[in-house]
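Let's take a walk through this protein together, one region at a time. Please have your viewer ready.

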Amino acid sequence: MFGLPDLAFGIIALLLVGASWCMVGVIFGDAPKRGLQTALIQFCGATCSLLIGLFIANFIIDEPTTCSRQEMIYTCGTIFVASIFNYFGLQAMGAGMKCGPNGAVWGIMQSALIFPYLGGLILFSQPLTVPNILGMLLVMSALVFFAMAKNQKQKPGVEIRNEWRFYAFLALGIIAIQQNLATAPSAYFDSPKLVSPVVRSLSGASGTLFAACIWTLIREIRKRGSAKEMFSGLKNPWLYLYVLGMQPFNLFFAYVLLYPGLDAMGRAGVGSVCYPLMVGSCIVSFSLYSIFGLKEKATKVQIVALVLCMIGLAGLCFPKDWFVIPWHGWDIAPWIRSLGGY
């Protein structure tokens, strides 16, 4: 795409997508100050994405579908389920941050980035290279340092309760599943690449909206009036600024960069590093925003973490045929194809 080789386009696209994710962190950090619940922003954001996507799919794009209906159902179903896991993973992360050190919770959850890489190695026989391994280890090390730095800034008077570890590791497990589900279709199969990025984005928005409805219902059952309290934020003008500022931007990136980038990395044979690239880019971008945008004083630990993360990203960008280590994992792709799904 854009005249670039698959690997080059995939790396650039996913780095940009990862950088754009820091906008979510910025908005979610600012929303409570405005009296808004993040669950409402997710609910309205998913609704907005769904409506825009349906309009584009019906009135603007005219792409012939060359995969079978069953292949489309499997592709969209996988993305739908991945979005549900993503929603509940973020809820678990939020619960952990309410009763524990935010940096440690954030660092534990972001450690899920290693699981798509491990999944590719073990289940889809992806190549094992020295630069990729070193890059992964450096990004993981950066997460540890970032968590240490943020822990030092824990607000005085905030009570730390032991259950934060449970929620943090719950978020880690949920997001690990989500990232593998989100990566697998484009990375290891051909037919999902034939499904329009708009249709795939619609599936993701539908999954998020479905999860938001389920979560709202669960909260209402546990505590009567919680849904009314959440939706009272519809009167807050900041809600619409957040949604309008974030969703069209995210949709454009999903259509032009995210899914085409995942497809390109899959064709290049390095689909397992997609999420590590995006998460690493998000980490670096948000750190730079904190330093230059929020004017937070950077500690030595944060600087070390930022350098480690940037070097790690460079390691993840190395081609799959450089410094290959002999390795043969399972390849379950033929078995999945035999089921008729892809």
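Is Leu-244 buried or exposed? Before the answer, one caution for your calculations: the model is predicted. Leu-244 is exposed, because its relative accessible area is 58% and the cut-off for exposed is over 50%. You will find Leu-244 in helix α11, which covers residues 237-267.

A disulfide is a covalent bond between the sulfur atoms of two cysteines. How many disulfides does the structure hold? The count is zero. Two further cysteines are worth a visit. Cys-274 has a relative accessible area of 1% and is therefore buried. Cys-282 comes out at 13%, so Cys-282 counts as buried too, given that the cut-off for buried is under 20%.

Next come the charged pairs. The structure holds two salt bridges. In one of them, the side chains of Asp-6 and Arg-267 meet, with 3.1 Å from N to O. This pair ties together distant parts of the chain: Asp-6 sits in helix α1 (residues 6-20) and Arg-267 in helix α11, 261 residues apart. How accessible are the two partners? Asp-6 counts as partly exposed because its relative accessibility is 28%, and Arg-267 is partly exposed as well, with a relative accessible area of 48%.

In another salt bridge, the side chains of Asp-263 and Arg-200 meet at 2.8 Å, again N to O. Here, too, distant parts of the chain are linked: Asp-263 belongs to helix α11 and Arg-200 to helix α9 (residues 197-222), 63 residues apart. Both Asp-263 and Arg-200 are buried.

Ser-186 lies in helix α8, residues 164-188. With a relative accessibility of 3%, Ser-186 counts as buried. Which residues does Ser-186 touch, leaving aside those up to four places away in sequence? The contacts are Pro-192, Lys-193, Arg-200, Leu-262, Asp-263 and Gly-266.

The elements giving two or more residues to the lining are α6 (114-123) and α8. Of the elements, α8 gives the most, with four residues.

Searching the whole structure gives two cavities of 30 Å³ or more. The second largest cavity has a volume of about 40 Å³. Its lining is made up of Tyr-117, Gln-126, Pro-127, Asn-132, Gly-269, Val-270, Ser-272, Val-273 and Lys-320. By class, that lining has four nonpolar, four polar and one charged residues.

Conventions. Residues numbered from 1 in each chain as written. Predicted model: local features only at pLDDT ≥ 70, side-chain atom pairs only at ≥ 80, totals over all residues. Heavy atoms only, no water. Buried < 20%, exposed > 50% of the residue type's maximum accessible area, 1.4 Å probe, protein only. Disulfide = S-S within 2.5 Å. Salt bridge = Lys/Arg side-chain N within 4 Å of Asp/Glu carboxyl O. 1 Å grid on protein atoms, 1.4 Å probe; cavity = no way out; pocket = protein on both sides within 12 Å on 5 of 7 lines; lining within 4 Å. Points joined across faces, edges and corners; volume = space filled by probe spheres on them. Nonpolar A, V, L, I, M, F, W, Y, C, P; charged D, E, K, R; others polar. Contact = heavy atoms within 4.5 Å.
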